[in-house]
Amino acid sequence: MFDFIVLIPLFPLFGAFLNGIYGVFRDKWANKPSHTIGVAAIGLAFGLVLLLVYKMLSVPIVLLALVPALGAFLNFIFGYRWSDKLVSVIGVGSVGISFVLSALAFWKLIHLEPEARFIEVVFYKWMVSGNLSLDVAFLLDPLSAVMMLVVTGVGFLIHAYSIGYMHNDPSYPRFFAYLNLFVFFMLILVMSNNFPLMFVGWEGVGLCSYLLIGFWFEDDYNAYAGNKAFIVNRIGDFGFILAIFLIFVNFGTLNYKDVFETASRVLPYNGFMVTAITLLLFLGATGKPAQIPLYVWLPDAMAGPTPVSALIHAATMVTAGVYMVARCNALYTLAPVSLAVVATIGALTAMFAASMGFAQRDIKRILAYSTISQLGYMFLGVGVAAFSAGIFHLVTHAFFKALLFLSAGSVIHAMGGEQDVMKMGGPKGHIKKTFIVSLVGTLAIAGMPGFSGFFSKDEILWQAYSSPYGSKFLWAIGVITAGMTAFYMFRWLFLIFFGEERMDHETKHHIHESPNSMLIPLYVLAFLSIFGGYIGLPEALGGKNHFHHFLEPITKYAYKVEWPHYSHALEYTLMIVSVAVAFVGFALAYICYVKDPSIPVRFAEKYKTLYKWVYNKYFVDEFYGFLFVKGLLKTCFGMRAFDEKGIDGAVNGTGKSLYWSSVLTSKLQTGYIYHYVWGIVLGLLILLF
């Protein structure tokens with residue numbers, strides 16, 4: 001019944017293949033006949049898939065994967081020309097079908113008993129080597145089901161938005177090919193039932209981030225940003241793969257169920273080995289989710305097209321680390337030291353990144369630092385063993401962060417490519433719809449009551465205070481960061497839409513609202529940013545926290561400790577404190593950027609050194625560049641000198657000594673007999689004496 005879930009990642013992969021082939025051969029097909037057959041074939045294939053899924057027939061997964069391939073095969077063989085419209089159908093439609101299949105899988109899952117919500121689907125035998133036996137197999141459980149819905153649902157909206165945003169780009173097919181490939185690898189990551197297959201998806205999203213961040217590679221900066229993301233992530237991946245090796249050495253298997261089920265028997269509580277494994281896993285997690293110390297690649301990832309930023313920041317790559325820690329909860333609850341490290345790094349990253357958003361000017365870079373900060377909240381949640389709270393914030397963050405990035409893209413589109421918020425101001429009269437959805441996203445991320453971000457952020461703060469793994473210190477950092485978030489996000493909103501118009505005359509003359517292809521996904525995300533948090537409505541507010549109860553089965557192998565019980569009165573008090581701090585942040589932003597915009601200017605002039613440090617991101621990039629990049633180059637040059645003068649010198653010296661010895665000894669072979677006779681005579685005389 002559940003075999004069809006294997007198909008979910010295949011549709012985006014096939015969309016990537018089709019668009020990639022189309023992008024390569026488009027010029028050659030430019031003068032070919034109409035693409036009517038191709039459109040009809042794709043439409044028929046999609047219709048058949050939906051019909052088969054609707055009937056829930058026992059259709060072989062291979063057939064479901066090959067049906068849409070038929071249209072691509074016909075177009076490739078007969079060489080019909082494809083339009084951008086067809087590329088859009090394939091790119092968006094493939095992810096749309098994956099979302100439908102994900103929703104059906106989720107629907108079937110919730111109708112099972114909680115203890116039965118673990119279904120494995122084996123695709124084929126992958127590798128057998130000694131004691132290692134691995135399958136390409138997928139796991140459908142509450143955690144993977146939630147992630148599948150987020151990846152495909154938000155991913156579908158971003159794909160649809162991209163039709164309008166990228167419509168004039170000459171590399172339109174390549175763009176959709178990369179996006180489809182990104183979704184495919186992310187689905188592999190979250191659906192896998194073993195660590196090596198997760199690592200395949202892990203590396204795949206790293207590859208796609210490199211391709212998409214450097215999408216406009218003709219610009220050197222874009223290529224540099226793609227390289228930076230790729231290299232920094234390899235550092236984290238090194239820790240991840242070492243952890244996989246240690247898991248196999250200790251468990252003899254890499255299958256999730258076998259590892260997690262026996263974890264408490266194989267590894268002692270708070271032992272060295274489980275701590276080493278979980279810390280190495282977390283090193284991997286600091287790379288893609290961009291946490292201290294490996295966060296530096298994410299702000300530069302803004303070099304790619306805005307839909308790429310939305311996809312990376314909201315639904316795919318940066319959420320991989322949070323998912324991985326939540327998935328490995330059976331290991332992390334055996335390692336309290338590792339949980340403390342995760343929570344502390346998360347809290348410090350949340351505050352540190354939030355402070356860097358105070359002085360940034362790029363409309364997307366501000367949002368990039370907000371992503372790093374919000375991911376810190378997620379790690380704070382999973383670090384205090386509140387795994388469902390961390391995943392809950394992951395879900396709501398996907399809604400409002402995708403909304404914010406796509407809203408920023410709508411502003412950039414309306415203003416002809418301008419991204420400096422200091423050159424905007426006052427365009428809400430021209431782009432009212434974009435302003436409204438931007439306001440919704442800002443209210444959600446600031447944690448204002450009634451919006452999705454309020455429920456998930458408050459849940460994390462409450463768990464940080466009440467968890468046996470938490471502390472008042474972690475809670476305090478979270479609350480302060482909530483106020484900082486409200487300040488820099490309303491700063492972002494006010495600088496874009498309020499105050500005097502600071503754009504140039506040409507930009508002001510051509511400013512216009514975005515097309516419906518971009519606005520409709522924004523409306524859907526705005527709706528989710530408002531109401532998406534109600535799936536986790538806490539009991540203190542009259543809800544039943546359905547999201548938490550749905551995810552409870554994934555922690556059945558976790559090490560159990562007793563959690564203290566607190567009254568709802570205390571929860572209300574902490575809730576009021578966090579909301580009050582957020583309102584203080586909003587009020588300060590309003591005073592500084594609407595009521596009296598001269599205040600930030602005077603502050604920057606008075607505290608030039610502080611402003612310089614914050615604006616330049618505390619010079620962390622420069623420090624890394626000096627310590628690692630230049631240090632590595634100096635080391636390489638030193639090794640080069642050693643290689644040339646030492647290794648090569650020894651090799652060349654040996655060759656030269658042999659050469660000169662052969663030159664000298666060759667003098668003994670003249671070819672004249674009388675020389676040899678005199679040599680014999682001389683030798684005899686020496687022997688006689």
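Where does Ser467 lie? Please set that spot in the wider fold too.

Modeller: Ser467 lies in the loop between α19 and α20 (472–497). Helices here are DSSP runs of H or I with at least four residues, strands are runs of E with at least two, and both are numbered from the N terminus. The model is predicted, so local features need pLDDT of at least 70 and side-chain atom pairs pLDDT 80 or more, while totals for chains, interfaces and linings use all residues. Residues are numbered from 1 along each chain as its sequence is written, and side-chain values use heavy atoms, with hydrogens and water left out.

Ser467 has 4% relative accessibility and therefore counts as buried. The cut-offs are under 20% relative accessible area for buried, over 50% for exposed, and partly exposed in between, with a 1.4 Å probe and protein chains only. Leaving aside residues up to four places away in sequence, Ser467 touches Val384 and Trp563. Contact means heavy atoms within 4.5 Å. Trp563 is 96 residues from Ser467 in sequence, but their C-alpha atoms are 6.3 Å apart.

Helix α19 covers residues 452–466. From first C-alpha to last, its 15 residues reach 22 Å, close to the 21 Å expected at 1.5 Å a residue. The expected span is 1.5 Å times one less than the number of residues. 15 of the 15 residues of α19 are buried, so the rest of the structure largely encloses this helix.

Next, the stretch around α16. Ala385 is in the loop between α16 and α17 (387–414). Its phi is positive, about 70°, although it is not a glycine. Most residues other than glycine have a negative phi, and most peptide bonds are trans. At 12% relative accessibility, Ala385 is buried. Asn545 also has a positive phi, near 50°, and is not a glycine. Its place is the loop between α22 (516–531) and α23 (546–551). Asn545 counts as buried, with 9% relative accessibility. A cis peptide bond joins Ile292 and Pro293, with omega about 10°. Pro293 sits in the loop between α10 (272–287) and α11 (297–300).

Helix α16 (residues 363–383) also packs on a partner. Its axis comes within 10 Å of that of helix α13 (residues 320–327), and the two cross at roughly 5°. Axes are lines fitted to C-alpha atoms, for helices over the stretch in contact, and angles run from 0 to 180 degrees between N-to-C directions. That crossing makes α13 roughly parallel to α16. Angles under 35 degrees count as roughly parallel, over 145 as roughly antiparallel, 65 to 115 as roughly perpendicular, and the rest as oblique. From α13 the contact takes Gly321, Val322 and Val325; from α16 it takes Leu375, Met378, Phe379 and Val382. By class, that is 6 nonpolar, 1 polar and no charged residues. Nonpolar covers Ala, Val, Leu, Ile, Met, Phe, Trp, Tyr, Cys and Pro; charged covers Asp, Glu, Lys and Arg; the others, Gly among them, are polar.

Not counting residues up to four places away in sequence, Met324 touches Met198, Trp202, Phe240, Leu281 and Ala285. Leu281 is 43 residues away in sequence, with a C-alpha to C-alpha distance of 8.2 Å.

Among the residues in contact are Met147 and Val151 of α5, and Phe175 and Leu179 of α6. The contact divides into 13 nonpolar, 5 polar and no charged residues. In α6, 19 of the 20 residues are buried, so it is largely enclosed by the rest of the structure.

β1 (residues 119–129) and β2 (residues 132–140) run antiparallel, joined by 9 bridges. Strands pair if DSSP finds at least two bridges between them. Ile119 stands opposite Leu140 in β2. The hairpin has 2 residues between its strands, and Gly130 there takes a positive phi near 60°.

Finally, the whole chain. It holds 28 helices and 2 strands. Of its 689 residues, 55% count as buried. Among contacts with a separation of 6 or more, 82% are between residues 24 or more positions apart.
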